[in-house]
Amino acid sequence: MTATLVEVHRAEEKARKTYFLFWVYLMTDLLMFAGLFAAFAVLRSNSFSGPTEKDIYQLPLVLAETFILLISSYTAGLAVYSANKGRLKTAQVLLYTTGVLGLSFLTLELTEFSHLISDGNGPSRSAFLSSYFSLVGTHGLHITVGLLWLVILLIFLAKRGLSESMIRKVTLFSMFWHFLDIVWIFIFSIVYLMGVSL
Amino acid sequence: MIDSLRVLVLGKLDWSALPHEWFTIGGTVALSGMLLTVIAMLTYFKRWKWLWKEWLTSTDPKRIGIMYIVIAGLMLFRGALDAMMIWIQQSLSLGESHGYLTGPHFQQIFTAHGDIMVFFATMGLLAGLMNLIVPLQIGARDLASPLLNTLGFWLYVGGAILINMFFVFGGEFAAVGWLAQTPLSELQYSPGTGVDYWIWSLQVSGLGSLFTGINFLATIIKMRAPGMTLLRMPAFTWATLCSSVIIITIFPILAITIAMLTLDRYLGTHFFTTTGGGNPMMYINLIWMWGHPEVYVLILPSYGVYSEIVATFSRKRTALYVSNVIGLLGVTAIAMLVWLHHFFTMGAGADVNAAFGISTEFIVLPTALLFASWLLTMFRGRIKLASPMFWFLAFVSTFTFGGLAGMLLAFPAADYQVHNSLFLVAHFHTQIVGGALFGIFAAITYWFPKFTGFKLNETLGKYAVALWLTGFFLAFLPLYILGFMGATRRLDHYTNPSWQPLFMVSVVGFLVLCTGALTQILQIVVSIVQRRQYRDATGDPWDGRTLEWSTPSPVPFYNFTSIPEVHSRDAFWEMKQSGQTAKKHYEDIEVPKNTPFGIYIAAAAFVFGFAMVWHMFLIAAIALVAALLCVIIRTFDEDTEYVLPASKVRELEKAREAA
């Protein structure tokens with residue numbers, strides 16, 4: 001009996017360490033985004049006789065992206081809740097939903113990018129577009145990594161079920177996904193909303 | 001068809017990239033000679049398996065720490081060679097004579113010297129010391145993530161190899177100064193592969209530093225022995241904590257800044273270009289937001305080392321301990337708020353310059369707290385002048401000198417006179433050599449017996465300090481004077497004959513420094529040969545105060561038979577006073593298994609970096625996929641630890657005591 005108590009204690013200790021490490025990693029990632037935001041703030045008006053912010057932003061599309069991502073965060077949060085309750089099927093369905101929503105977000109973003117590029121307004125057109133593509137694109141890259149992670153998570157969830165360490169991995173994924181949502185809120189407000197109103 | 005296939009696989013690489021100048025041929029011969037010697041020795045002594053199992057794949061922080069120090073020692077030697085070439089060129093290159101180096105080659109040398117000394121020599125030595133000391137000081141058996149630790153180390157090694165690869169492929173390193181400031185480092189002005197080598201070696205090793213920083217923060221916050229509150233932590237652990245906080249804050253900024261430069265060079269974006277609306281001055285701001293705090297990453301651990309040494313050799317607890325900690329925290333905070341003093345002359349205006357001038361002067365206050373703590377610890381202590389204490393005293397003289405020069409530089413008006421002069425070069429060398437490096441030497445002397453079981457020769461150690469101190473002032477005082485005389489930094493040629501004698505004196509100083517370094521090598525050799533004579537069986541040769549001295553020397557891989565309980569500051573001193581040291585009981589110990597994934601992932605990162613330098617995008621993509629696969633396999637591996645049963649621990653301890 002005592003042996004199992006020691007094991008439980010060790011597992012908890014391990015989870016605490018992992019979560020802490022992951023939180024610190026998220027903060028470093030946030031600082032990296034801070035660098036991109038700073039560059040965008042400096043360069044946003046340097047359109048170099050190319051299109052300005054007002055010319056290219058399509059707010060309805062971006063609003064749709066925002067809602068899709070917000071809902072996907074909600075489903076990711078619910079997935080962690082169900083995983084902790086031991087409901088494997090529900091957790092899986094919720095994670096699949098998160099994945100589909102994430103994929104639609106990515107599709108919309110890439111459509112927007114490909115329109116811009118095909119109009120000759122790619123990242124090398126002006127300093128403004130360089131900073132815009134890098135900031136929004138880095139977020140998109142994170143979403144891509146998140147989706148890849150989700151696929152692998154779902155494969156192992158089907159194979160191994162809700163073990164202690166799988167619940168931990170679902171939680172970590174959800175932390176990452178929420179983090180991306182927060183960064184997107186900043187992109188939505190600082191890039192898009194301020195861009196059309198300034 | 002063949003041609004497009006070649007471009008797909010080999011990118012820009014072709015025969016002309018192979019070495020054809022004296023220094024690249026020399027570098028290639030030296031590097032391959034070293035490699036072949038190591039391979040031959042390993043094969044002859046049949047040590048391949050031992051090397052792989054006991055060292056390369058080890059997750060033991062003590063092993064990783066020693067490997068860090070070995071690699072960083074090699075890189076220190078490599079950086080010193082660059083320094084020698086700079087010194088000789090500057091002592092010769094007056095008027096008609098143009099010395100023995102071409103302008104572009106000279107520029108590559110000072111760039112490589114700066115990068116290697118900061119990223120690969122000093123950072124490596126510090127990471128090594130942290131690995132060796134911190135877990136022992138906080139009563140832990142490992143770091144928060146053993147995998148991140150070995151991965152961080154191997155990424156550092158990957159970066160170190162990558163920065164030397166230009167000898168073999170390409171033949172040119174960046175010729176743009178150690179921070180590759182734009183627009184000079186843009187494609188338009190630096191079209192070669194030199195800047196790309198700079199980019200990828202720093203990205204690879206920078207990622208390693210970031211992992212190490214995250215790991216040490218988590219370790220110190222989450223894994224301290226029961227009873228060790230934050231204000232009972234040893235000073236070196238505090239210093240490591242502060243240093244890690246700075247690393248975590250600034251290395252993401254370095255990564256993203258270099259990434260933006262990379263996009264400019266590879267995809268034609270306009271972040272820092274002079275055309276397309278780019279802003280080169282933004283790069284200067286971003287890179288110094290990393291660059292200034294970085295010097296505090298280098299100096300803070302040494303502050304911690306000095307606190308430990310002064311307390312031990314004064315036989316007193318650290319006086320003004322809380323002020324000491326506040327000093328460290330103050331330096332950490334102010335370090336992030338002063339970056340603009342590196343470019344007062346860029347034209348930000350009087351108000352901005354004044355604000356950053358004042359914030360820079362403020363760094364004196366926390367530093368004064370630290371000095372007060374050291375001086376009052378020595379006051380009425382029973383001071384024992386062992387060689388680590390000599391390093392401390394040498395540091396006090398150099399650091400005070402360099403600090404005063406720094407205060408002068410922090411006045412914007414005065415800075416306009418000496419900006420980018422040799423006065424500045426002399427100032428930061430005084431701080432980094434006389435501050436950070438002397439601290440590392442002190443630490444190695446102080447903790448050497450802990451990991452080997454024998455002390456270093458004291459007499460030679462003291463000679464080394466004397467030579468380093470003399471050589472240091474002889475080498476750098478002339479540079480202060482030359483700076484006032486108008487000599488700017490990075491000069492490969494000058495026409496004023498009155499400068500040459502001072503450059504000559506400086507070279508003599510460099511030679512004295514070399515004898516100092518040779519004395520240190522001799523010290524280590526002599527101590528190894530006569531190790532029976534210097535043997536320390538107690539594990540506590542200096543009558544130490546902190547937990548690392550409670551373990552036997554050399555430390556067993558599980559560090560502690562049972563995790564100690566801490567009731568006060570200077571926990572081991574307290575135990576010795578109350579006679580609690582004899583008590584010993586055995587428990588099951590969970591030990592992380594060795595893992596090759598650190599090497600695998602770092603090797604993939606190295607290949608990725610090298611492929612990117614040469615635009616081999618296919619190979620780069622393959623390397624990236626390989627790295628991702630390794631991460632996935634390792635993440636879903638549940639079998640990463642084993643339990644060492646208490647009976648086995650008892651057996652090991654008995655065997656050690658018998659020996």
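This is a predicted model: local features need pLDDT of at least 70, side-chain atom pairs count only at pLDDT 80 or more; totals for chains, interfaces and linings use all residues.
The contact between the two chains takes 29 residues from chain A and 32 residues from chain B; two residues are in contact if their C-beta atoms, placed from the backbone, lie within 7 Å. On the side of chain A that touches chain B, helix H1 (2-43) and helix H5 (127-160) each supply at least two residues. H1(A) gives the most to that side, with 15 residues. By class, the side of chain A that touches chain B has 16 nonpolar, ten polar and three charged residues. Here Ala, Val, Leu, Ile, Met, Phe, Trp, Tyr, Cys and Pro count as nonpolar, Asp, Glu, Lys and Arg as charged, and the others, Gly among them, as polar.

Residues are numbered from 1 along each chain as its sequence is written, while chains are lettered from A and ligands numbered from 1 in the order in which they are written.

Let us turn to chain A by itself. Chain A has six helices and zero strands; helices (H or I, at least four residues) and strands (E, at least two) are DSSP runs, numbered from the N terminus. The C-alpha trace of chain A spans about 75 × 30 × 25 Å along its principal axes. Of its 198 residues, 33% count as buried, a term that requires 20 or more other C-beta atoms within 10 Å of a residue's own, with C-beta atoms placed from the backbone.

How far does helix H6 of chain A reach from its first C-alpha to its last? Helix H6 (residues 164-197) has 34 residues and reaches 49 Å, close to the 50 Å expected at 1.5 Å a residue; the expected span is 1.5 Å times one less than the number of residues. H6(A) bends by about 25° at Phe188(A), the bend being the angle between axes fitted to the seven residues ending there and the seven starting there.

Finally, I come to chain B. Leu136(B) lies in helix H5 (residues 103-137) of chain B. Why does Leu136(B) count as buried? Leu136(B) counts as buried because it has 25 C-beta neighbours inside 10 Å. Not counting residues up to four places away in sequence, Leu136(B) touches Leu547(B), Glu548(B), Thr551(B), Val555(B) and Asn559(B). Leu136(B) and Phe399(B) are 263 residues apart in sequence and 29 Å apart in space, C-alpha to C-alpha.

Note on methods:
A residue is buried if 20 or more other C-beta atoms lie within 10 Å of its own, exposed if 12 or fewer, and partly exposed in between; C-beta atoms are placed from the backbone.
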